[in-house]
Amino acid sequence: MNIKTMLTSMKHDASASPSASFRANARIRILNTVTNKPSGKPVWHTRPKAWGYAVGSILATLVLTTGVVYAAQSSSPNTVLYPVKVLSEQAALTLSPTKSVKTTVAATIISRRIREVEQTQKEGTKKEVEQSITNLNTEIKNIRQLHDVSQTVISKTLEEHDRRSSDHSEDD
Amino acid sequence: MDIQILIHDARNGDKNAFGEIYDRYIDAVYRFVYFRIGEKYNTEDVTEQTFVSIFEHIREYEEKGLPFEAWLFRIARNKIIDYYRKQKPRVGLENIVDLEDPKRGPEKYTEESFDHEHMMTCIRQLPDSYQEIIILKFIEEKENEEISVLLDKPISHIRVLQSRALQKLRSIMHI
């Protein structure tokens, strides 16, 4: 194989592509960073404005804000605030205005369910683990049925987590 | 949507336009950073810093012979330079006495045994300017005219750099 062919083939190396979770989470962080500048002047507007404010506030509850909804974002299954967390996620998903935003929100929700499984595997009872796995499978099934979410991105999110899990188990 | 329209909308603070620009260029920027840095978590950091910087300075971008993608890659280059400035000094190629790996003779580089990881290690042993040329020309498959604009060097210089970079890489890989 000549060296130029070797080099060209590296473009498609899996490690040279951003993971689905990084792609989705970085997008949220970058857009929040750029559009929340304390310049005294609103930077962000979408068309139409009222819709943009409604979506912005719903999406903001998924990632940040104060109060019960914010406190709920880090809650685990079987805690009092967990239903609040799930409700806020579903609201964000329903009210996402574009396929791109909806896909980002869906991928974030799946990543959260996976983290909950990992957390209960470390710290929870067998029943809690089973419940978190059921929650994950239910979420995947629901999101797979959405026609306005990129299923390719969702598959990549799941593959990335599978890959990381097998990397961790090889380290054990 | 045309990139110029997206840039115009992003300049006016349209968050969806920012998102579209991110979606279009995230793969290319990530790859460029990854092949220069080679480690996943730092690549993610630098990639993210690059996009924040792109969006913070998008109002300063003016086409005037500089395509948007070239401007974007220049920002990525600057972030990579900043990253390395904060690291410990790297060993330059001239300080490496012997790069030979006795397990890898020329006959090992068959299609079956080609190892991306090893190639990345070899690329990162090149001087920075050679690494950039290798990545932009042979991995990203950009035209010389694009590279010339991106690196702000004459096309004739780009051709010379390509030839020297390949020669040096072959020498490191013993092929």
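Q: In what order do the elements of chain A run from the N terminus on?
A: This is a predicted model. From its N terminus on, chain A runs α-α-α-α-α-α-α-α. Its secondary structure therefore amounts to eight helices and zero strands, where a helix is a DSSP run of at least four residues.

Q: What percentage of the residues in chain A is buried?
A: Of the 172 residues in chain A, 40% are buried. The accessible surface of this chain is about 9600 Å², and carbon and sulfur atoms hold 57% of that surface.

Q: What share of the contacts in chain A joins residues 24 or more positions apart?
A: Among contacts with a separation of 6 or more, 57% in chain A are between residues 24 or more positions apart.

Q: Turning to chain B, at what angle do helix α2 and helix α4 of chain B pack?
A: Two packed helices are described by the angle between their axes together with the distance between the axes. For helix α2 (residues 15–37) and helix α4 (residues 68–86) of chain B, the angle is about 40 degrees and the axes are 10 Å apart. That makes α2(B) oblique to α4(B). The crossing of these two helices, α2(B) and α4(B), is right-handed.

Q: Which residues of α2(B) and α4(B) meet?
A: On the side of α2(B), the residues are Ile21(B), Tyr25(B), Ala28(B), Val29(B), Phe32(B), Val33(B), Arg36(B) and Ile37(B). They meet Phe68(B), Glu69(B), Leu72(B), Phe73(B), Ala76(B), Arg77(B), Ile80(B), Tyr83(B) and Tyr84(B) in α4(B). Sorted by class, this contact of α2(B) with α4(B) has 14 nonpolar, no polar and three charged residues.

Q: Where is Ile37(B) found, and is this residue buried or exposed?
A: Ile37(B) is found in helix α2 of chain B. It counts as buried because its relative accessibility is 7%, and the cut-off for buried is under 20%. Leaving aside neighbours within four places in sequence, Ile37(B) is in contact with Asn42(B), Thr43(B), Val46(B), Tyr83(B), Tyr84(B) and Arg124(B). As for a pair separated along the chain, Ile37(B) and Met120(B) are 83 residues apart in sequence, while their C-alpha atoms are separated by 9.8 Å.

Q: At what angle do the axes of helix α3 of chain B and α4(B) cross?
A: The axes of helix α3 (residues 40–56) of chain B and α4(B) cross at roughly 130 degrees and come within 9 Å. The two helices, α3(B) and α4(B), are therefore oblique to each other. The crossing in which α3(B) passes α4(B) is right-handed. Asn42(B), Val46(B), Gln49(B), Thr50(B), Ser53(B) and Ile54(B) make the contact from α3(B), and Phe68(B), Trp71(B), Leu72(B), Ile75(B), Ala76(B), Lys79(B), Ile80(B) and Tyr83(B) make it from α4(B). By class, the contact of α3(B) with α4(B) has nine nonpolar, four polar and one charged residues.

Q: Why are α6(B) and α7(B) described as oblique to each other?
A: The axes of α6(B) and α7(B) come within 10 Å and cross at roughly 140 degrees. An angle over 145 degrees would count as roughly antiparallel, so α6(B) and α7(B) are oblique to each other. Their crossing, that of α6(B) and α7(B), is right-handed. The contact joins Glu132(B), Ile133(B), Leu136(B) and Lys137(B) of α6(B) to Asn144(B), Ile147(B), Leu150(B) and Leu151(B) of α7(B). By class, the contact of α6(B) with α7(B) has five nonpolar, one polar and two charged residues.

Q: Which residues does Leu151(B) touch, not counting residues up to four places away in sequence?
A: Leu151(B), which lies in helix α7 (residues 144–151) of chain B, touches Arg77(B), Glu132(B), Ile133(B), Leu136(B) and Ile158(B) under that condition. With a relative accessibility of 6%, Leu151(B) counts as buried. Leu151(B) and Trp71(B) are 80 residues apart in sequence, and 9.8 Å apart in space from C-alpha to C-alpha.

Q: What is the phi value of Glu141(B), and what is that of Asp152(B)?
A: Phi of Glu141(B) is near 60 degrees, a positive value in a residue other than glycine. Glu141(B) lies in the loop between α6 (128–139) and α7 of chain B, and at 45% relative accessibility Glu141(B) counts as partly exposed. For Asp152(B), phi is near 55 degrees, again a positive value in a residue other than glycine. Asp152(B) lies in the loop between α7 and α8 (155–173) of chain B, and Asp152(B) counts as exposed at 62% relative accessibility.

Terms used: Residues are numbered from 1 along each chain as its sequence is written. Chains are lettered from A and ligands numbered from 1 in the order in which they are written. This is a predicted model: local features need pLDDT of at least 70, side-chain atom pairs count only at pLDDT 80 or more; totals for chains, interfaces and linings use all residues. Side-chain values use heavy atoms; hydrogens and water are left out. Axes are lines fitted to C-alpha atoms, for helices over the stretch in contact, and angles run from 0 to 180 degrees between N-to-C directions. Angles under 35 degrees count as roughly parallel, over 145 as roughly antiparallel, 65 to 115 as roughly perpendicular and the rest as oblique. A crossing is left-handed if the near helix is turned anticlockwise from the far one by less than a right angle, and right-handed if clockwise. Contact means heavy atoms within 4.5 Å. Ala, Val, Leu, Ile, Met, Phe, Trp, Tyr, Cys and Pro count as nonpolar, Asp, Glu, Lys and Arg as charged, and the others, Gly among them, as polar. Buried means under 20% relative accessible area, exposed over 50%, partly exposed in between (1.4 Å probe, protein chains only). Accessible areas come from the Shrake-Rupley method with a 1.4 Å probe; for residues, only the protein chains shown count as cover.
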